[in-house]
Every structure is written in C-alpha cells, then in structure tokens.
Amino acid sequence: MFKKLLGFFSSSIAIDLGTANTLVYMHGKGIILDEPSMVALAVDKSGMGKKILAVGQEAKVMLGKTPGQIEVVRPMKDGVIADFNVTEQMIKYFIKKVSAQKILMSVPPTIVICVPCGSTQVERRAIKDAALAAGARRVELIEEAMAAAIGAGLPVESPRASMVVDIGGGTTEVGVISLGGLVYANSIRVAGDRLDEVISNHIRARHGLLIGEATAEEIKKQIGSAHPDTDNGEMEIRGRSVYDGLPKKIIVTSSEIREALHDALDQMVSAVKQALELTPPELAADMIDSGIVLTGGGALLRGLDILFTETTQLKVVVADEPLLCVAKGCGMALDHLSDQRVYLNRNK
Ligand SMILES: Nc1ncnc2c1ncn2[C@@H]1O[C@H](COP(=O)(O)OP(=O)(O)OP(=O)(O)O)[C@@H](O)[C@H]1O
C-alpha cells in the first residue's frame, strides 16, 4: 500500500501548458519548473526536416536573434496546440528535465493538464495525446478557469459564487464557480499576446518603426497601462525604420500605449460583463460581496484592476503571484486526484 502511494505521488505532476509559459507542479514539492513555451528549431543535415536545438528559457534568449536556418517557435497558440509534434517534444523535454532532478521516479507519470474552456474536443484530445506521446501513463484535464480559481485560493466548494478572470498569453478565461464546479465559463482569444501585437502595430503605424515580439512585450510590462491613473512615464525603444531600413530609436509614452490597447482591453471587459449577465441572478448577486479575482500574467498590466472595477462596479483584486495560480490550481487538483473531487474534466 505504502509503495503504491509513494509510486502515485512521486510520479504525478501537474502541467500548466500555457501559450506563453509552461509550469510543472509536483505533489509535496510545489512548482519545480517555470519556463517559456518556446522551442528553437534548426534545419537538419538533410535539409528536409527540423531538429530541436533548445527548449524553454534557452530558446527564448534566441528569439529574434537567430540566423536563417534556425527559428524560435511557440508550439501553443491561443491556449491550444498549434504544432502537435513540437508540443509533444516540448512536454517530453520538460518531463525529462524534472526527472533529471531525480524528483520523479522511473514510473511514467500521471499528468493533470489545464485546457482553455473554449477549446474544442479535438483540441483537448490533442493536448491529451501529446502528453501521452511524451510518456505520460494517464492524463487528466482541468478547465483553466477552475484551476486559476483554486490556485488563487477562492472558496470553490462554497455555495457562494466567486468569479475569476485569468488573463494569460493566448486566452482570457472568465469563470464563475460555485459548489466545486464551473457555473459559467467563457474564453476569448484576446490576452497578453494580443496586447503585444497591438503595441507592435501601433509603433509601426505611428512611428514607422519595426520592433520584435520581445520589445513589444517589454513596452507592455514597463509602461503599459489600462487606466490613466496608472500611466507610467515614457520609454526609449529601438527598432528598424520602415522608411530607410536603418536602426532608429524613439520615445513612446505610457498614455499613447494605453490608447493603443483600448480596443483589446474593451473586449476583455465585454467578456466579463457578458459573464455577469449570463450568470444566474442568485449567483450574480454573490459577486457584490465576493467581487472578481484576476489571475494570469496579464493581470499584472498596470491599472487593469481599476479598469474592471470602474466598468463592473465590483471589487476587483489581483491574486497573489498571478502567474502561478493556474499551475498551483492544477497541482491542487492533482493532489485530490484520488478523492474524486469534481474539478477535473473527466469526460473530455
Ligand atoms: N508585468 C506584466 N505586465 C503585463 N503583462 C505581463 C506582465 N508579466 C507578464 N505578462 C504577460 O502575461 C502573459 C503570460 O501569462 P501566463 O503565463 O499566465 O500565460 P499562459 O498561461 O502562458 O497563457 P494561456 O493561459 O493563455 O495559455 C504574457 O502575455 C506576458 O507578456
């Protein structure tokens, strides 16, 4: 019995397989891996296929700086698999990396993985299959909004409803939870990545400057703002002029970035308002006291809580360590795998 239990826990992991970052949680250890969901590929000797050169952090440092025969790709897009083979290889690499820490035993692991609530059956199957192909013995899926709520410490078992908004790289997930289940869940494919894209398009259109993905993300983190109260000065950025192709530097201000982000942020606000409209009235009323909790890396955008407070008239707070909530929640669901709590998406 003891051996069986030891085997279960030592070879069970939870994975937050995100569009931007992948985190791995292990029972009793917490989060043991946190790396960008990126893979560097190089054309192999035959010139026909591609081989993996680097994964995670090692691949991210190559972003935008690779010679022609190397490319850095993100195999997940909008929270689902964009490239099955590369995702499988990436999961395999991460499993191997945590095994190398001698934390995992040689038994193939049971894996709990989160999925966006808007993902189709085919997309869910693909995530399950990729994890099985990467060496998992058994795979269970959990809705990302549920994982985020658990990880943020919301009282998910309570009959009093709570609302979570998880803003990741690819998707914004809105969930209303009561009695251990999702009463309402919605996912829109507008999140951190879209904000980066909007910034990049704005810099090109307004300043005639081409910038890379990493620079756009840096602008968002440094001076990005969702509300005038949180505007944060200006920033010097460098890129290539669209007019003469030469390197050029310009100054951008926080307020112009906020204006550029307006429409994308408005779509997030609409998703939250829709959730409030479609939640049964008794539960929607609970939200007057419980408010809304923001999770995911996107929740770190300055002033987003103020924007949501103003547009919903509810109390909005950013969870502690928002980037870790989904992984922690997946991990807690893993810890309860044996007692059959309803968090998991067993029929998918
Ligand atoms: N300080 C910050 N300000 C604004 N955005 C941030 C900040 N820090 C991280 N982000 C953004 O958070 C996003 C990543 O968040 P997270 O790791 O929660 O997403 P993910 O789980 O990989 O994506 P998904 O859940 O959509 O699959 C990225 O778009 C990143 O740019």
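The paragraphs below lead through this structure from its overall form to single residues. The model is a predicted one, in which local features need pLDDT of at least 70 and side-chain atom pairs count only at pLDDT 80 or more, while totals for chains, interfaces and linings use all residues. Residues are numbered from 1 along each chain, in the order in which its sequence is written.

We begin with the chain as a whole. The protein chain contains 11 helices and 18 strands; these elements are DSSP runs, with at least four residues of type H or I for a helix and at least two of type E for a strand, and they are numbered from the N terminus. The C-alpha trace spans about 70 × 60 × 30 Å along its principal axes. A compact globule of 348 residues would have a radius of gyration near 20 Å, and the 21 Å of the protein chain agrees with that; the radius is taken over C-alpha atoms, and the globule rule is 2.2 Å times the number of residues to the power 0.38.

The chain is divided into four parts by an automatic or database domain assignment. Taken over C-alpha atoms, the centres of domain 2 and domain 3 are 37 Å apart.

How much of the protein chain is buried? Buried residues make up 47% of the 348 residues, where a residue is buried if 20 or more other C-beta atoms, placed from the backbone, lie within 10 Å of its own, exposed if 12 or fewer do, and partly exposed in between. Two residues are in contact if their C-beta atoms, again placed from the backbone, lie within 7 Å. Among the contacts with a separation of 6 or more, 66% are between residues 24 or more positions apart.

The interior can be followed through its nonpolar core, a set of buried Ala, Val, Leu, Ile, Met, Phe, Trp, Tyr and Cys residues joined through C-beta atoms within 7 Å. The largest such core has 98 residues, of which Ile113, Ala149, Val164 and Cys330 touch the most other members. When residues up to four places away in sequence are not counted, Cys330 touches Ala14, Ile15, Asp16, Tyr25, Val112, Cys114, Ile142 and Ala147. Ala147 and Ala149 are also among the buried residues of helix H5. This helix, residues 144-151, is largely enclosed by the rest of the structure, because 8 of its 8 residues are buried. After H5 comes Gly153, which has a positive phi near 80°.

Next comes the ligand. Its shell holds 25 residues, and Gly18, Ala20, Gly168, Gly192 and Gly297 come nearest; a residue is near a molecule if its C-beta atom, placed from the backbone, lies within 6 Å of it. Helix H6 (192-207) and helix H7 (213-223) each supply at least two residues of this shell, and H7 gives the largest share, 3 residues. By type, the shell divides into 6 nonpolar, 13 polar and 6 charged residues, where Ala, Val, Leu, Ile, Met, Phe, Trp, Tyr, Cys and Pro count as nonpolar, Asp, Glu, Lys and Arg as charged, and the others, Gly among them, as polar. Arg194 also lies in helix H6 and counts as buried, with 23 C-beta neighbours inside 10 Å. The C-alpha atoms of Arg194 and Ala264 are 7.4 Å apart, although 70 residues separate them along the chain.

Some single residues remain. Gln69 lies in the loop between helix H2 (57-60) and strand E6 (70-73), and it is exposed because 12 other C-beta atoms are within 10 Å. Apart from neighbours within four places in sequence, Gln69 is in contact with Ala42 and Val43. Leu179, in the loop between strand E12 (172-178) and strand E13 (181-188), has a positive phi near 50° although it is not a glycine, and with 12 C-beta neighbours inside 10 Å it counts as exposed. Gln313, in the loop between helix H10 (304-312) and strand E18 (316-318), has a positive phi near 65° and is exposed, with 10 other C-beta atoms within 10 Å. Finally, Glu277 in helix H8 (residues 254-278) counts as exposed, with 9 C-beta neighbours inside 10 Å.
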